[in-house]
Amino acid sequence: MRTFTTRTGATMPVLGQGTWRMGEAASRRKDEVAALRLGFELGMTLVDTAEMYANGGAERVVGEAIAGCRERIFVVSKVLPENASRQGTITACERSLKRLGTDYIDLYLLHWQSDHPFQETLEAFEQLRSLGRIRHFGVSNIDIEALRQLETLPLGRLVAANQVIYNLQRRGIERNVLPFAAQAGMAIMAYSPLDQTRLAIKEALTRVAARHETKAEVIALAWTLRHPHVVAIPKSSNPRHVQENAKAARIRFTAQDLAELEEAYPPPKRTIPLETA
Ligand SMILES: NC(=O)c1ccc[n+]([C@@H]2O[C@H](COP(=O)([O-])OP(=O)(O)OC[C@H]3O[C@@H](n4cnc5c(N)ncnc54)[C@H](OP(=O)(O)O)[C@@H]3O)[C@@H](O)[C@H]2O)c1
């Protein structure tokens, strides 16, 4: 599996696994844990979760999945904006660590912009980092203006990643957020890389998939990875889908593949505000 290293020295596989909607029902828990473990075996050793998902339930699922293989896994979690005060961030992180059954988080993100000033959250992140509770920190759903503002703060250059929506039909970040992050050496973590199953499967996508003897979703996922600063985190609780998704990292596009996808799914012609899920 190809890896990406951020300007802060965080090395992560470019293909990981999401966990939104996991941990909501006890009846599905065994399958969710098994799907994540299968993904780990197939090289998708980054797992993305958040205190928000199922009110901590997803972090518990992750905790079960990483038990016994913690050191091999790059764990990402997120603090809710309302908890992102100086002290609130610390206590939220401690709660997450407990649910995850680990003593450190590899990358801890602010889930979206908070009413608490960035500086306060960054100071809390830095304290957690100096205590070894987190290894790196970053943000999510942050648009270009706020990203630029962050960069000017004393701890701003320690921001390792911005997790944002990115897929074939939501390409707004290519105009600003993606080049900014690439220039700075941050990872862009592409969430909803399959647009939560809302991806329109156009003829060009089917054609490219046929050429690579795979399905449209795998091509859509592989397409997000064509940019060297993008790390994608598809979610799946279905072992067949997990196996398919893992193959995306091995797809090598031809110029013709990329040109056909570009024509079928063009980026926006104008700058648009950052989209969310
Ligand atoms: N930072 C944020 O604000 C934010 C927002 C949204 C998401 N995220 C993170 O990003 C992760 C991924 O995004 P997402 O969950 O929104 O959407 P997604 O990964 O684009 O799509 C997930 C959906 O696609 C299906 N799927 C997965 N692989 C498939 C395949 N090979 N073929 C067909 N269907 C497939 C899944 O169903 P099955 O489970 O049945 O496979 C699920 O219904 C989340 O889980 C979460 O960790 C972050």
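Here is a walk through this model, from its sheet to its ligand shell and then to a few individual residues. The model is predicted, so local features need pLDDT of at least 70 and side-chain atom pairs count only at pLDDT 80 or more, while totals for chains, interfaces and linings use all residues. Residues are numbered from 1 along each chain as its sequence is written.

Let's start with the sheet. Seven strands form an open sheet with parallel pairing, in the order 3-4-5-6-7-8-9. Strands (E, at least two residues) and helices (H or I, at least four) are DSSP runs numbered from the N terminus, and two strands pair if DSSP finds at least two bridges between them. Strand 3 (46-48) and strand 9 (230-232) each have a single partner strand, so one side of each is left without a neighbour in the sheet. From one strand to the next, the twist averages 30°; axes here are lines fitted to C-alpha atoms, for helices over the stretch in contact, with angles from 0 to 180 degrees between N-to-C directions.

Now zoom in on one pair. Strand 6 (residues 134-140) and strand 7 (residues 159-165) run parallel and are joined by three bridges. Here phenylalanine 137 stands opposite valine 159 in strand 7. Helix 4 (residues 118-130) packs on the sheet, touching strand 5 (105-110) and strand 6, and its direction makes about 160° with that of strand 6. Contact means that the C-beta atoms of two residues, placed from the backbone, lie within 7 Å.

Next comes the ligand. It is surrounded by 26 residues, the closest being Gly18, Trp20, Tyr191, Lys235 and Ser236; a residue counts as near if its C-beta atom, placed from the backbone, lies within 6 Å. Helix 9 (residues 239-247) gives the most to this shell, with three residues.

Finally, some individual residues. Valine 61, in helix 2 (residues 57-66), is buried because 28 other C-beta atoms lie within 10 Å. The cut-offs are 20 or more such atoms within 10 Å for buried, 12 or fewer for exposed, and in between for partly exposed, with C-beta atoms placed from the backbone. Beyond its neighbours within four places in sequence, valine 61 is in contact with residues including Thr19, Met22 and Arg29.

Most residues other than glycine have a negative phi. Arginine 21, in the loop between strand 2 (11-13) and helix 1 (29-41), has a positive phi near 80°. Alanine 54, in the loop between strand 3 and helix 2, also has a positive phi, of about 50°.
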